[in-house]
Amino acid sequence: MILCIEQVLLSNQLDEIHRLLKDAEFVEGKLTAGRYAKTVKDNYQLKGDTEVARKVRGIVHNAIAQNPLFKASVRPQKIRPILFNRYEPGMSYGWHTDNAIMGEGELVRSDVSLTLFLSEPDTYQGGELVIDTSLGEKSFKLPAGSMIVYPSTFLHQVTEVTEGIRLAAVTWVQSLVRDVQQREILFELDTVRKSIFEQYGKTVEFDLLCKTHANLLRQWVEL
Ligand SMILES: O=C(O)CCC(=O)C(=O)O
Ligand SMILES: [Fe+2]
């Protein structure tokens with residue numbers, strides 16, 4: 001299940017983030033890549049241990065964590081600290097898979113990867129996120145403030161930026177439900193029951209759907 005979620009950040013939050021990132025210190029992106037991904041990762045990453053970094057991480061983390069569509073589709077258990085990528089002309093991130101296990105102290109299994117686009121698509125050339133899905137390669141370049149959420153199991157790349165600057169926030173999530181198909185079933189049941197409730201109220205059918213949803217969640221959840 002690949003999901004594009006619009007307007008995760010509002011324009012005033014985007015303005016604030018761009019203001020904070022304008023003079024912030026960026027370091028080599030290779031510092032946070034796995035052994036093999038390092039060889040194809042060519043971008044900059046916001047230096048993590050500064051006041052500015054903590055502030056922008058907070059804004060983006062809260063916006064993602066509170067997004068209703070993200071919560072319903074991903075069922076987040078742990079969210080890794082947000083990273084901020086900057087690609088300048090000539091930079092790209094070649095084909096790679098994200099590490100399965102992340103973190104030092106508290107380990108996180110990456111079930112879901114996400115990119116929250118921070119630059120408007122017409123301000124840079126190239127810089128598409130390309131995902132090698134079971135239906136072939138799919139390319140994504142979303143409006144600033146929109147986010148793509150995809151299973152971490154896919155190979156993916158960011159194509160070379162040839163003009164302008166591509167800023168994006170990325171992170172990884174361990175889900176309460178490890179299996180992507182189970183997550184999709186729960187998400188769709190939840191969507192249907194919400195719509196039934198809105199149209200018909202708390203009917204017998206709605207109660208049965210709630211029961212099925214809760215019982216499947218009980219079977220599949222990992223705490
Ligand atoms: O910048 C992006 O859209 C994705 C970056 C990426 O794949 C990664 O940081 O692992
Ligand atoms: Fe990646």
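At what angle do helix H4 and helix H5 pack, and how far apart are their axes? The legends below start there. This is a predicted model, in which local features need pLDDT of at least 70, side-chain atom pairs count only at pLDDT 80 or more, and totals for chains, interfaces and linings use all residues. Residues are numbered from 1 along each chain as its sequence is written, while chains are lettered from A and ligands numbered from 1 in the order in which they are written.

**View 1. Helix H4 packs against helix H5.** H4 (residues 180-200) and H5 (residues 204-220) meet at an angle of about 160°, and their axes lie 10 Å apart. Axes are lines fitted to C-alpha atoms over the stretch in contact, with angles from 0 to 180 degrees between N-to-C directions. H4 and H5 are therefore roughly antiparallel (an angle over 145 degrees). Contact means C-beta atoms, placed from the backbone, within 7 Å. H4 contributes residues including Leu186, Leu189, Arg193 and Phe197. From H5 come, among them, Phe206, Leu209, His213 and Trp220. By class, the contact has 13 nonpolar, three polar and three charged residues. Here Ala, Val, Leu, Ile, Met, Phe, Trp, Tyr, Cys and Pro count as nonpolar, Asp, Glu, Lys and Arg as charged, and the others, Gly among them, as polar.

**View 2. Five strands form an open sheet.** Their order is S3-S7-S15-S12-S13, with antiparallel pairing. Two strands pair if DSSP finds at least two bridges between them. Strands are DSSP runs of E, at least two residues long; helices are runs of H or I, at least four; both are numbered from the N terminus. S3 (41-42) and S13 are the edge strands, each pairing on one side only. S3 pairs with S7 (residues 92-96) over two bridges, in the antiparallel sense. Lys41 stands opposite Tyr93 in S7.

**View 3. A hairpin joins S12 to S13.** S12 (residues 129-133) pairs with S13 over five bridges, antiparallel. Asp132 has Glu137 in S13 as its bridge partner. S13 (residues 136-140) is hardly covered: of its five residues, the count of buried ones is zero. Buried means 20 or more other C-beta atoms within 10 Å, exposed 12 or fewer, and partly exposed in between.

**View 4. Pro143 sits in the loop between S13 and S14 (147-151).** Pro143 is partly exposed, with 13 other C-beta atoms within 10 Å. Leaving aside neighbours within four places in sequence, Pro143 is in contact with Phe117, Glu120 and Pro121. Leu116 is 27 residues from Pro143 in sequence and 9.2 Å away in space, C-alpha to C-alpha.

Terms used:
Angles under 35 degrees count as roughly parallel, over 145 as roughly antiparallel, 65 to 115 as roughly perpendicular and the rest as oblique. Two residues are in contact if their C-beta atoms, placed from the backbone, lie within 7 Å.
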